[in-house]
Amino acid sequence: PPETGPLLEVRGVHKAFGGLTAVDDVSLAVPAGSITALIGPNGSGKTTLFNLVSGTGGAHTGEIWFDGERIDGLSPPARAHRGLGRTFQLTRLFRSMTVLENVVAPLAEFSPRVLASGAVSGHEADRARELLGFVGLGRFEAEQAGALSYGQQKLVELAQVMMLQPRLVLLDEPAGGVNPALVERMTDIIRAAHLQGVTFLVVEHDIPLVLDLCDPVFVLDRGKVIASGAPSDVREDPAVLDAYLGG
Ligand code: ADP
């Protein structure tokens, strides 16, 4: 059952690239215990906002709060260390490393011992194997990541982000380019992680999937939040139909 109060709060965030406003005074809250969606047409500012939240987006105005703490002055690793995880639209796996090594890789940033040893062992390996089992890829642990299908690589990335035991995961197009069977597995895994207490903020273009999986839903258009609420409300919103869903 959802807890109360926002885990992530974006307050009046504004980001421009030269003369182009990409994120225009956006405020939104991700309730703790939710699977929240961020949707909108191409160029509406979704990726820019993800980057600002995870800390790679550069300078901006406004505030970003996570778990009661203001984080917009923190480095990306410091945010990750506090429990803010993220996946990317195009996976960023090390293609020539094994699947298991990839899942452990984020720990290297926080535990030089993992990096120095050069081998995956002990507690870290146990946890990585558990996560690979969780995403249904246990038998691929010794394969090179680049040999897996694109959808499987996205599942490896999901296991990877879970390695740091995040409280909030920003998922960038989890279903994009993934075959339907794996999309179903992906959503099952998101739901299972959610039941274990992980909160999600999801950017996704598959609108039926979003309306089925997520609540609340925030809709961006040209950098602004034009609608938000339960899927049933957003689906009927005239501004949303006009800007987006009506196509
Ligand atoms: P979305 O993820 O919703 O497709 P983006 O956040 O990628 O939208 O882009 C929002 C706007 O900002 C677009 O007009 C895009 O061209 C612009 N933009 C994004 N990143 C940059 C950048 N690094 N430099 C200049 N313009 C950018």
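Let's start with helix α3, residues 99-108. Seven of its 10 residues are buried, so the helix is largely enclosed by the rest of the structure. Buried here means that 20 or more other C-beta atoms lie within 10 Å of the residue's own, with C-beta atoms placed from the backbone. The buried residues of α3 are Val-99, Leu-100, Glu-101, Asn-102, Val-103, Val-104 and Ala-105. Helices are DSSP runs of H or I with at least four residues, strands are runs of E with at least two, and both are numbered from the N terminus.

A word on the model. This is a predicted model: local features need pLDDT of at least 70, side-chain atom pairs count only at pLDDT 80 or more, and totals for chains, interfaces and linings use all residues. Residues are numbered from 1 along each chain as its sequence is written.

Next, the domains. Domain 1 covers 1-83 + 166-247, and domain 2 covers 93-165. Those bounds come from an automatic or database domain assignment. The two centres, taken over C-alpha atoms, are 25 Å apart. Domain 1 puts 14 residues into the contact, and domain 2 puts in 14 residues. Contact means C-beta atoms, placed from the backbone, within 7 Å. On the domain 1 side, α2 (76-81) and α7 (180-195) each supply at least two residues. The largest share, five residues, comes from α7. By class, that side has 10 nonpolar, three polar and one charged. Nonpolar is Ala, Val, Leu, Ile, Met, Phe, Trp, Tyr, Cys and Pro; charged is Asp, Glu, Lys and Arg; the others, Gly among them, are polar.

Now the ligand. Which residues are around the ligand? They are Phe-17, Leu-20, Ala-22, Gly-40, Asn-42, Gly-43, Ser-44, Gly-45, Lys-46, Thr-47 and Thr-48. The cut-off is a C-beta atom, placed from the backbone, within 6 Å of the molecule. Two elements give two or more residues to this shell: β2 (20-31) and α1 (46-54). The largest share, three residues, comes from α1. The shell divides into three nonpolar, seven polar and one charged.

Last, the strands. Strand β1 (residues 6-17) runs antiparallel to β4 (residues 61-66), with five bridges joining them. Pairing requires at least two DSSP bridges between the strands. Opposite His-14 stands Thr-61 in β4. β4 also pairs with β5 (residues 69-70), antiparallel, over two bridges. There, Phe-66 has Glu-69 in β5 as its bridge partner. β4 and β5 form a hairpin with two residues between them. In the turn, Asp-67 has a positive phi of about 55 degrees.

Note on methods: Contact = placed C-beta atoms within 7 Å. Buried ≥ 20, exposed ≤ 12 C-beta atoms within 10 Å, placed from the backbone.
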